Amino acid sequence: MSTVLKLVDKLYGWFVCATSACQSPFLLAVRLYWGWQFWQAGWGKVMNIPHVTEYFTSLGVPAPALNAYFISWLEVVGGILLALGLFSRLIAFPLTIDMIVAYVVGDREALRSIFSNPDKFYAAAPYTFLFASLLILFFGPGKLSLDSLIVWYRNKRAPHSELAAA
């Protein structure tokens, strides 16, 4: 029995190693695809601000013109930052809030059906945007990002600056 447990442990170790190796490429794919999607959605809003303002007015959003500009540019800039992996967690937070508000204000019926009819919740437009934002918020951008490059560069320079200060 001990041999079987060792084999299972070894196989599980390989499995964990293989899935861990896929984490950064997966997060890169999520960032690139959903960064592009956020950019497209935001740019579409930027190019049609009067329509977005009218839609926000119909939903009862306060200061609809201001919010139309803010949300449009949040999605444009946020999409670019996500795709680059720059300030990823910082931008994922307001994008997450944006998608939660999109559910609450624009698709309340789908939000209410989260438990009674999950298919309706999953099929709503904000769902995948929300999910992608939460992935990056909680797991970070991965090693294949500008954020990781900045951390690597800062860590590389830190010992030299400490020696210079001494």
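Mentor: Let us begin with a definition: contact means heavy atoms within 4.5 Å. This is a predicted model, in which local features need pLDDT of at least 70 and side-chain atom pairs count only at pLDDT 80 or more, while totals for chains, interfaces and linings use all residues. Residues are numbered from 1 along each chain as its sequence is written, and side-chain values use heavy atoms, with hydrogens and water left out.

Trainee: Which residues is Ser113 in contact with, leaving aside its neighbours within four places in sequence?

Mentor: Ser113 touches Pro118, Lys120 and Phe121 in that sense. Ser113 itself sits in the loop between α5 (108-112) and α6 (118-123); helices are DSSP runs of H or I with at least four residues, numbered from the N terminus.

Trainee: Why is Ser113 called buried?

Mentor: Buried means under 20% relative accessible area, exposed over 50%, and partly exposed in between, with a 1.4 Å probe and protein chains only. The relative accessible area of Ser113 is 7%, so Ser113 is buried.

Trainee: What makes the pair of Trp34 and Phe129 edge-to-face?

Mentor: Rings of Phe, Tyr and Trp (its six-membered ring) pair if their centres lie within 6.5 Å; planes under 30 degrees apart count as stacked, over 60 as edge-to-face and the rest as tilted. The ring centres of Trp34 and Phe129 are 5.0 Å apart and their planes stand at 70°, so the pair is edge-to-face. Trp34 belongs to helix α1 (residues 2-46) and Phe129 to helix α7 (residues 126-139), so the pair ties together parts that are 95 residues apart in sequence.

Trainee: Why is Phe56 buried, and why does Tyr55 count as partly exposed?

Mentor: Phe56 has a relative accessible area of 12% and is therefore buried. Tyr55, at 41% relative accessibility, therefore counts as partly exposed.

Trainee: How do you know that the sulfur of Cys22 is too far from that of Cys17 for a bond?

Mentor: A disulfide is a pair of cysteine sulfur atoms within 2.5 Å. The closest cysteine sulfur to that of Cys22 is in Cys17, 9.7 Å away, so the distance is too far for a bond. The structure holds zero disulfides.

Trainee: Why does Cys17 count as exposed, and why is Cys22 partly exposed?

Mentor: Cys17 has 53% relative accessibility and therefore counts as exposed. The relative accessible area of Cys22 is 47%, so Cys22 is partly exposed.

Definitions and conventions: Helices (H or I, at least four residues) and strands (E, at least two) are DSSP runs, numbered from the N terminus.
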